[in-house]
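Subject: Structure handover

Dear colleague,

Here is the structure I said I would pass on. Please look it over before reading the notes below it.

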Amino acid sequence: MEFLAFLVVDGLLVGAIYALVALAFVVVYKASGMINFAVGEWMMLGSRMVAAGVHGLGVGLGGGLVFACVGMVAVAMAFTRVVLRQLFSQSLLTLIMVTIGLGIFMRGSAALVFAGLPGGIARPLPLEPLTVLGVPVSAEKLVAAAIAGACIVALSWFFRGSRTGLALRAIANDQQVAMSVGIDLHRHFAITWGLVGVLSVLAGTLWSFVTGGGFGVELLGLKVFPIVIVGGLDSFPGTIVGAFAIGILESLTAGYVDPVVGGGFSHVASYVVLIATLFVRPYGLFGRTEIEPR
Amino acid sequence: MLSDHAVSILIFAGIDIIMALSFFLPASAGQLSAGQGGFMALGAYTSAYLSVHHQAPFPLALAAGGLVGGLVGLVVGFPALRLRGLYLVLVTFGFGEMVRVLFLSAPAFGGPAGFAGIPPTTTIWYVLGLVLVLVYFFARLSRSRMGRAFAALRDDEAAAEAMGVNSTYVKLAAFAAGGVIAGLGGGLYAHYTLFIDPEAFGVGRSLFVMLYAVFGGLASFWGSVVGAAILSVLPELLRWVKDWREILYGLLVLLMMLVRPQGLLDPTLLARISARGERAAARG
């Protein structure tokens with residue numbers, strides 16, 4: 001019983017970080033209908049920039065975060081201005097290729113620019129594992145989850161409460177109508193990608209805290225696809241629910257199934273759920289039913 | 001004759017061409033697959049397993065790999081009947097990832113340590129032979145009833161059905177045939193590298209296969225041939241730039257999508273080439 005509670009709590013905490021990554025994916029999909037296959041590379045670049053600020057510039061974690069946010073927003077602005085602006089209303093495949101090309105470019109430049117700099121980010125303070133109601137809880141995951149939760153709340157306020165958020169929701173709803181009421185699409189696409197940049201910095205850093213670092217942050221991108229399909233590609237609440245669900249699922253299968261069938265099943269379990277969802281409810285739990293029934 | 005290094009570049013380029021064609025086939029019927037690496041893995045592991053544990057002759061092992069790829073392609077084709085566009089890309093992507101993890105957790109196939117000791121039976125002639133057979137097949141296909149059904153389905157599904165195209169049958173056929181080609185490619189790959197591990201067929205492989213075909217242009221199968229040939233030889237030519245290689249590669253893809261999103265060989269260029277060919281034929 002205690003083991004079960006531990007697994008569920010652990011899954012929830014990891015799910016909070018997944019939620020940040022998945023939100024970075026969904027804001028882009030909602031605004032422009034683009035699938036970002038390079039979401040893992042964005043996370044990688046974000047965390048590497050923080051690490052570069054900490055180790056290379058010696059400005060500390062706070063300074064590193066600011067440095068990385070500025071850097072990633074600059075990358076996002078350059079990307080939207082130089083590339084995306086020319087590709088307005090291009091086909092799905094072209095837009096996918098663009099994100100793949102950008103991913104390759106990011107990987108190559110990160111390896112070149114940050115060569116020799118350590119990729120890990122030290123946790124600000126070493127924490128002892130806590131025990132809450134008899135359940136052991138990893139303290140760094142708890143802190144990471146709290147930060148991720150705060151970001152999710154801030155983000156949902158941004159979408160619900162601010163004028164820019166309203167405009168972004170209007171674009172997600174109907175691009176043409178949004179344009180006709182005077183919303184500048186290109187400006188808001190740029191804002192969306194800037195948001196992706198900031199989210200990448202946060203999620204990449206939190207993930208480095210939890211996993212201890214640097215290497216393999218790209219793989220975080222692969223977690224996104226089951227989450228967004230289960231939750232529904234165009235739904236923010238669905239994405240958050242999906243992220244927690246996949247986090248718990250992974251934790252439970254890692255705890256109970258992996259010892260029996262051998263490692264790795266916890267990762268494939270989420271993809272089994274992805275395919276099952278597509279068969280039963282292709283638009284996800286909370287998505288809009290745009291797919292025609294056949 | 002050619003040096004060993006040149007032969008190896010040619011063999012890998014040939015396998016990339018085969019893989020790009022395996023993506024092109026369903027794509028020519030409007031079915032985008034982001035999981036060709038999964039079919040390749042199935043073909044590679046099947047044929048390698050038969051060669052190593054059952055001493056199967058190479059052509060037989062290769063054919064078995066293609067068969068398994070095709071059968072699984074048929075299974076993956078079913079969700080394709082309900083999904084389109086983006087969702088299909090995601091489900092095939094998920095399929096590729098599933099296959100990778102399944103092989104990762106299958107001790108009979110070596111798991112993460114990989115599968116070694118595969119006999120070195122792939123020669124340049126097998127690869128070249130299969131590429132030529134496929135070129136002939138695709139050249140015939142585009143003028144056949146099935147090829148026209150593919151094109152009709154890609155352009156407008158409702159109109160194609162109204163004209164009597166059985167869309168269920170055609171889509172499943174497209175996926176299965178793509179699976180066969182990718183399975184064959186995987187078999188050739190396994191018997192050339194002599195060692196395979198699941199990471200060789202992961203997301204990166206699937207997305208690169210897609211990239212080859214789109215870079216060359218989806219208007220004709222020649223696009224896949226040309227795109228794969230260029231993009232797989234290019235890293236060799238870019239060897240001297242060392243660390244800049246990946247950056248240049250990424251920039252090239254971005255530039256291509258900006259300048260020529262329809263790919264290298266678009267219908268205009270194809271028409272010009274074939275018109276020139278016909279004039280030459282008329283003269284000669």
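The notes below go through the fold, the salt bridges, the aromatic pairs, the backbone and the surface.

Please keep in mind that this is a predicted model.

Fold of chain A

Chain A has 11 helices and two strands. Along the sequence, the order in chain A is α-α-α-α-β-β-α-α-α-α-α-α-α. Of the 294 residues in chain A, 53% are buried.

Salt bridges

Over all chains, the count is eight salt bridges. One of them joins B:Glu97 to B:Arg100, with the closest N and O atoms 2.8 Å apart. These two residues are three apart in helix H4 of chain B, and so about one helical turn separates them. Both B:Glu97 and B:Arg100 are buried.

B:Arg100 also meets the side chain of B:Glu199 in a salt bridge, at 3.0 Å from N to O. B:Glu199 lies in the loop between H8 and H9 of chain B while B:Arg100 lies in helix H4, so this pair ties together parts that are 99 residues apart in sequence. The relative accessible area of B:Arg100 is 11%, which means buried, whereas B:Glu199, at 46%, counts as partly exposed.

A further salt bridge is formed by B:Glu157 and B:Lys171, whose closest N and O atoms are 3.2 Å apart. B:Glu157 is in helix H7 (residues 157-162) and B:Lys171 in helix H8 of chain B, so the parts tied together are 14 residues apart in sequence. Both B:Glu157 and B:Lys171 are buried. There is also a network that includes residues of chains A and B: A:Glu41, A:Arg107 and B:Glu246 are joined by salt bridges that share partners.

Aromatic pairs

The count of aromatic pairs over all chains is 30. In one of them, the ring centres of B:Tyr45 and B:Phe115 are 6.3 Å apart and the planes are at 65 degrees, so the pair is edge-to-face. B:Tyr45 sits in helix H2 (residues 36-54) of chain B and B:Phe115 in the loop between helix H4 (85-104) and helix H5 (124-141), so the pair ties together parts that are 70 residues apart in sequence. B:Tyr45 is buried, at 0% relative accessible area, and B:Phe115 counts as buried at 6%. Both rings belong to a cluster linked by ring pairs, whose members include B:Phe12, B:Tyr49, B:Phe103 and B:Tyr192.

Backbone

B:Gln55 is not a glycine, yet has a positive phi of about 50 degrees. B:Gln55 lies in the loop between H2 and helix H3 (58-82) of chain B and is exposed, at 60% relative accessibility. B:Leu194, also not a glycine, has a positive phi of about 65 degrees. Its place is the loop between helix H8 (167-193) and helix H9 (203-216) of chain B, and B:Leu194 counts as partly exposed at 30%.

Surface

B:Arg272 is in helix H12 (residues 267-283) of chain B and is exposed, with a relative accessible area of 54%. A nonpolar surface patch consists of B:Leu67, B:Leu71, B:Leu74 and B:Val75, which together have about 380 Å² of accessible area. B:Leu71 belongs to helix H3 of chain B.

Regards

Key:
Residues numbered from 1 in each chain as written. Chains lettered and ligands numbered in written order. Predicted model: local features only at pLDDT ≥ 70, side-chain atom pairs only at ≥ 80, totals over all residues. Heavy atoms only, no water. Helix = DSSP H or I, 4+ residues; strand = E, 2+ residues; numbered from the N terminus. Buried < 20%, exposed > 50% of the residue type's maximum accessible area, 1.4 Å probe, protein only. Phe/Tyr/Trp six-rings, centres within 6.5 Å; stacked < 30°, edge-to-face > 60°. Patch = residues over 30% accessible without salt bridge, like charges linked within 9 Å, V, L, I, M, F, W, Y side chains within 5 Å. Areas by Shrake-Rupley, 256 points an atom, 1.4 Å probe, with all protein chains shown as cover. Salt bridge = Lys/Arg side-chain N within 4 Å of Asp/Glu carboxyl O.
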